[in-house]
Amino acid sequence: MAANRPYQFIVFGASGFTGQYVVEEVARVASATVGLQDLTWAIAGRNRSKLEQALERAAVALGTPEIKSKECIICDLNDLSTLTAMCQQGSIILNCVGPYRFFGEMVVKACIENGTHCIDISGEPQFLETMQLKYDATAAEKGVYVVGSCGFDSIPADMGVLFTRDQLKGTLTAVDSFVMLKTGPQGARFHDGTWKSAIHGMSDRSNLKKLRRQFEFKPLPVIGTKLKRRGGAFYSNKINQYAIPFLGSDASVVKRTQRYLYENLQESPVQYGAYASLGGIGSVILMIVTGFFFWCFTKCNFGRKLMIKYPAFFSCGYFTKNGPTKAQIEETSFTMTFFGEGYQEGQDPKKGNPSVKICTQVMGPEPGYVATPMAMVQAAITILWEQKLLPKRGGVFTPGAIFSKTTLTERLNKRGIEFTVISRPEA
């Protein structure tokens with residue numbers, strides 16, 4: 001890491017909807033955490049006026065007017081010189097500019113060329129895996145850490161599987177996770193940036209399959225009973241309600257982590273299934289209907305343009321151009337429950353069926369604009385402070401791959417994303 005650079009953190013895309021919350025979180029953590037008062041940070045984006053407004057908003061929200069004096073770096077992705085200049089001023093870029101499939105690669109490339117670590121909050125498997133394919137070797141040569149999916153997608157899932165593994169005295173072989181949102185009277189709402197990413201991701205799924213074939217990976221060994229994969233809506237006796245496969249990046253990210261740990265650290269791979277709870281049969285019917293229309297409209301350019309232009313209509317109000325209100329954010333929280341199975345300590349995983357079960361949870365505040373900034377900032381702090389616990393080589397990593405030996409889980413616990421054990425085998 002270039003220790004002599006003026007800023008340890010630079011929040012890029014700070015005036016965007018999510019970026020503003022990341023700015024608040026950096027300021028909050030820097031001022032409240034012992035040892036971080038001297039953290040040097042700045043924000044970056046295309047428009048100075050909007051960047052100054054982001055600082056003003058953070059100053060008002062936190063009651064710390066000195067935030068307004070933070071540096072605003074002008075960086076336009078259409079001007080390579082400004083992108084290079086930004087990267088040369090920071091040790092870690094917190095990239096909040098999406099959709100990443102359109103705007104992420106040039107940031108990754110510039111960071112690697114200038115020896116700057118880069119983290120993002122992408123939930124787009126195609127972008128994440130493309131970066132690994134194209135830039136892992138180059139990042140390794142430069143000693144640069146590029147870490148994707150450092151928000152709600154997919155730190156709770158990826159670190160949650162590792163937490164479950166570490167809490168089981170034995171060998172964990174398979175985990176299913178179920179995420180559930182709890183909302184207030186006004187319900188949940190999200191900014192349409194996430195909606196756009198989902199539309200483009202669905203329309204380009206065939207290319208994702210082609211991309212994965214380029215890795216030429218051998219299948220990971222299956223330890224224990226093969227995990228049953230669910231392809232559609234189903235009733236789960238584990239949570240006593242209906243669920244569907246989680247459509248984010250969790251399953252992809254966790255699998256990449258397990259491959260890294262198996263191939264590089266010779267750790268036993270864990271099978272994983274990611275699901276989202278729906279509730280009752282009425283929710284299932286609504287999901288089937290909306291899912292069908294979503295699938296149909298993503299098939300053609302005209303349909304995609306319509307959905308992007310009218311996000312509230314096509315998403316039944318869940319995604320809007322204005323995003324959630326303050327009340328909606330404050331009243332929303334998430335719970336991700338992990339149901340694992342494996343072999344007790346001393347039992348040979350190659351003989352017999354799994355003999356023990358474990359249940360853990362990750363709980364946190366509103367996922368998109370509270371938990372995501374928390375996770376992103378703690379990931380950046382971990383890179384900054386725990387260099388000796390990170391992989392010896394640089395590269396393009398998942399959160400679990402790079403942070404498996406660090407105290408990131410403990411940091412998240414202290415910040416408000418809680419990892420707990422619900423039940424475990426008796427000793």
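This is a predicted model: local features need pLDDT of at least 70, side-chain atom pairs count only at pLDDT 80 or more; totals for chains, interfaces and linings use all residues.
Cys72 takes part in none, and the nearest cysteine sulfur, that of Cys75, is 13 Å away. Cys72 is buried, at a relative accessible area of 6%.

For Cys300, the closest cysteine sulfur belongs to Cys296, at 9.3 Å, which is too far for a bond. A disulfide would need the two sulfur atoms within 2.5 Å. Cys300 is partly exposed, its relative accessible area being 35%.

## Aromatic pairs

The count of aromatic pairs is 21. One of them joins Phe178 and Phe339, with ring centres 5.9 Å apart. The planes of these two rings meet at 75 degrees, so the pair is edge-to-face, as an angle over 60 degrees requires. Phe178 belongs to strand β7 (residues 170–182) and Phe339 to strand β13 (residues 333–344), so the contact ties together parts 161 residues apart in sequence. Phe178 is buried, at 4% relative accessibility. Ring pairs also link Phe178, Phe234, Tyr275 and Phe339 into a cluster.

Phe190 and Phe319 form a tilted pair, because their planes stand at 35 degrees, with the centres 5.7 Å apart. This pair links distant parts of the chain, 129 residues apart: Phe190 is in strand β8 (residues 190–191) and Phe319 in strand β12 (residues 319–320). Phe190 is buried, with a relative accessible area of 16%, and Phe319 is buried at 18%.

## Charge over a ring

The charged end of Arg57 is placed over the ring of Tyr21, at 4.5 Å from the ring centre.

Conventions
Residues are numbered from 1 along each chain as its sequence is written. Side-chain values use heavy atoms; hydrogens and water are left out. Buried means under 20% relative accessible area, exposed over 50%, partly exposed in between (1.4 Å probe, protein chains only). Rings of Phe, Tyr and Trp (its six-membered ring) pair if their centres lie within 6.5 Å; planes under 30 degrees apart count as stacked, over 60 as edge-to-face and the rest as tilted. Helices (H or I, at least four residues) and strands (E, at least two) are DSSP runs, numbered from the N terminus. A charge sits over a ring if NZ of Lys or CZ of Arg is within 6 Å of the ring centre and within 35 degrees of the ring normal.
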